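Here are a few exercises to work through with the model open in your viewer. Try each one before reading the solution.

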Amino acid sequence: VTVVPIKDAPKIFVQAGAFTRYDNANRLRARLSVVGQAKIVQVRVVDRPFFQVRFGPLESVEEADRLLASVVVAGQRDARIVVE
C-alpha cells in the first residue's frame, strides 16, 4: 500500500469580516483582539481590493466552531467559517 500525502490539504479559517478599506478591517481586528490574534488578508475581487479579517488556519472544525462562537459573542454576527 502506497500512502500519498495530500499536498494542499484544506485550511479552515474564521472570517470575521471583509472591507474595501484597510482602516475598517484594522478597526475590527483591534476590536476582536479580546478573542485572539486575527490577520488581515488582502484579496482582489473583480479588480477591487478587499481586506479580510481572519483567524487561522485552525487545526479542526471543532476549534473553528468554538472560535466562531466567540467572534459572534464579541458582536460580529455575520462572521463565518471559510474552508480553502
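The exercises below go from the sheet to single residues.

This is a predicted model, where local features need pLDDT of at least 70, side-chain atom pairs count only at pLDDT 80 or more, and totals for chains, interfaces and linings use all residues. Residues are numbered from 1 along each chain as its sequence is written, and side-chain values use heavy atoms, with hydrogens and water left out.

**Exercise 1.** Work out the strand order of the open sheet and find which strands stand at the edges.

*Solution.* Start with the elements: helices (H or I, at least four residues) and strands (E, at least two) are DSSP runs, numbered from the N terminus. Next, pair them up; two strands pair if DSSP finds at least two bridges between them. That gives four strands in the order S2-S3-S1-S4, with antiparallel pairing. S2 (39-45) and S4 (80-83) each have a single partner strand, so one side of each has no neighbour in the sheet. As for the twist, it averages 45° from one strand to the next.

**Exercise 2.** Look at S1 and S3: how many bridges pair them, and which helix packs on the sheet?

*Solution.* S1 (residues 12-19) and S3 (residues 48-58) are antiparallel and share six bridges. For a landmark, find Phe19, which sits opposite Phe51 in S3. Now the helix: H2 (residues 61-73) packs on the sheet and touches S1, S3 and S4, where contact means heavy atoms within 4.5 Å. The direction of H2 makes about 30° with that of S1 (axes are lines fitted to C-alpha atoms, for helices over the stretch in contact, and angles run from 0 to 180 degrees between N-to-C directions).

**Exercise 3.** Check the backbone: which residues are joined by a cis peptide bond, and what is the phi of Val46?

*Solution.* First, omega: the bond between Gly56 and Pro57 is cis, at about 10°, and Pro57 belongs to strand S3. Then phi: Val46 is not a glycine, yet its phi is positive, about 50°. Asp47 also has a positive phi, near 60°. Val46 is in the loop between S2 and S3, and Asp47 lies in the loop between S2 and S3 too. Val46 counts as exposed at 75% relative accessibility, and Asp47 counts as exposed at 66% (buried means under 20% relative accessible area, exposed over 50%, partly exposed in between, with a 1.4 Å probe and protein chains only).

**Exercise 4.** Is Gln52 buried or exposed?

*Solution.* Gln52 is in strand S3, and at 12% relative accessibility it counts as buried. Leaving aside neighbours within four places in sequence, Gln52 contacts several residues, including Gln15, Ala18 and Ile40.
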